Amino acid sequence: MVFNATTSNWECGHITYCIHDALRAGFQPLLLEPIFKFHHNLRKLDLQEEEYALIQALSLFSPDRPGVQQHAAIDRVHENLALTLKTWIDCKKKGPNKRLLYPKMIACLTEMRSMTEEYSKQILQIQDMQPDTISPLIMEVVSKNPCNHA
């Protein structure tokens, strides 16, 4: 899925989603506005595919995620990914924006974690109101205790 900053829509192949689709699905506007702003700010960074992959890996391999059992191992992977991202930026980026790109990306990662917490709460509320509408995979991702899901 890709956010198109020109149209302010999320595109997934031939399917397009807008903020109103999320509102109709039951998400609260107080959650959607920060997500919308986040995507616009992330697009302004003009990241390359490798940088997106590294920031996604940093998010995934976070030792403070719920259900993580091998904190030290995940922490080492996380640290290596962070150093790889910093080195990538130092080696590949040019111009005046290079110096602040790494801190901006880490700030985006922190913001994304906060939004993920709120998003998870919203998903669980929707699941309570409309049982069986959220896929088991999404429920496992947003659950505080992923071991409870089959």
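**The whole chain**

Keep in mind that you're looking at a predicted model. The chain holds six helices and three strands. The chain has 150 residues, and 30% of them count as buried. What about contacts that reach along the sequence? Take the contacts between residues at least 6 apart in sequence: 51% of those join residues at least 24 apart.

**Where H3 meets H5**

Now look at two of the helices, H3 (residues 49-60) and H5 (residues 98-129). Their axes come within 11 Å and cross at roughly 45°. An angle like that makes H3 oblique to H5. As for handedness, the crossing of these two helices is right-handed.

Which residues of H3 and H5 meet here? On the H3 side you'll find Glu-51, Ile-55, Leu-58 and Ser-59. Across from them, H5 brings in Leu-101, Met-105, Ile-106, Leu-109, Met-112 and Arg-113. Sorted by class, this contact has seven nonpolar residues, one polar and two charged.

**Lys-93, in a loop**

Next stop is Lys-93, which sits in the loop between helix H4 (71-92) and H5. Is Lys-93 buried or exposed? Its relative accessibility is 15%, so Lys-93 counts as buried, the cut-off being under 20%.

The side chain of Lys-93 makes a polar contact of 3.4 Å with the side chain of Glu-51. Glu-51 is also one of the H3 residues that meet H5. If you set aside neighbours within four places in sequence, Lys-93 is in contact with Asp-46, Gln-48, Glu-51, Trp-88, Lys-98 and Leu-101. Leu-101 is another residue from the meeting of H3 and H5, this time on the H5 side.

**Val-77, in H4**

Helix H4 itself includes Val-77. This residue is partly exposed, with a relative accessible area of 34%. Val-77 and Ala-57 are 20 residues apart along the chain, and their C-alpha atoms are separated by 9.3 Å.

Here are the two single residues side by side:

| Residue | Relative accessibility | Class |
|---|---|---|
| Lys-93 | 15% | buried |
| Val-77 | 34% | partly exposed |

Technical notes
Residues are numbered from 1 along each chain as its sequence is written. This is a predicted model: local features need pLDDT of at least 70, side-chain atom pairs count only at pLDDT 80 or more; totals for chains, interfaces and linings use all residues. Side-chain values use heavy atoms; hydrogens and water are left out. Axes are lines fitted to C-alpha atoms, for helices over the stretch in contact, and angles run from 0 to 180 degrees between N-to-C directions. Helices (H or I, at least four residues) and strands (E, at least two) are DSSP runs, numbered from the N terminus. Angles under 35 degrees count as roughly parallel, over 145 as roughly antiparallel, 65 to 115 as roughly perpendicular and the rest as oblique. A crossing is left-handed if the near helix is turned anticlockwise from the far one by less than a right angle, and right-handed if clockwise. Contact means heavy atoms within 4.5 Å. Ala, Val, Leu, Ile, Met, Phe, Trp, Tyr, Cys and Pro count as nonpolar, Asp, Glu, Lys and Arg as charged, and the others, Gly among them, as polar. Buried means under 20% relative accessible area, exposed over 50%, partly exposed in between (1.4 Å probe, protein chains only). A polar contact is a pair of N or O atoms within 3.5 Å; within protein, one must be able to donate a hydrogen and the other to accept it, and residues adjacent in sequence count only if both atoms are side-chain atoms.
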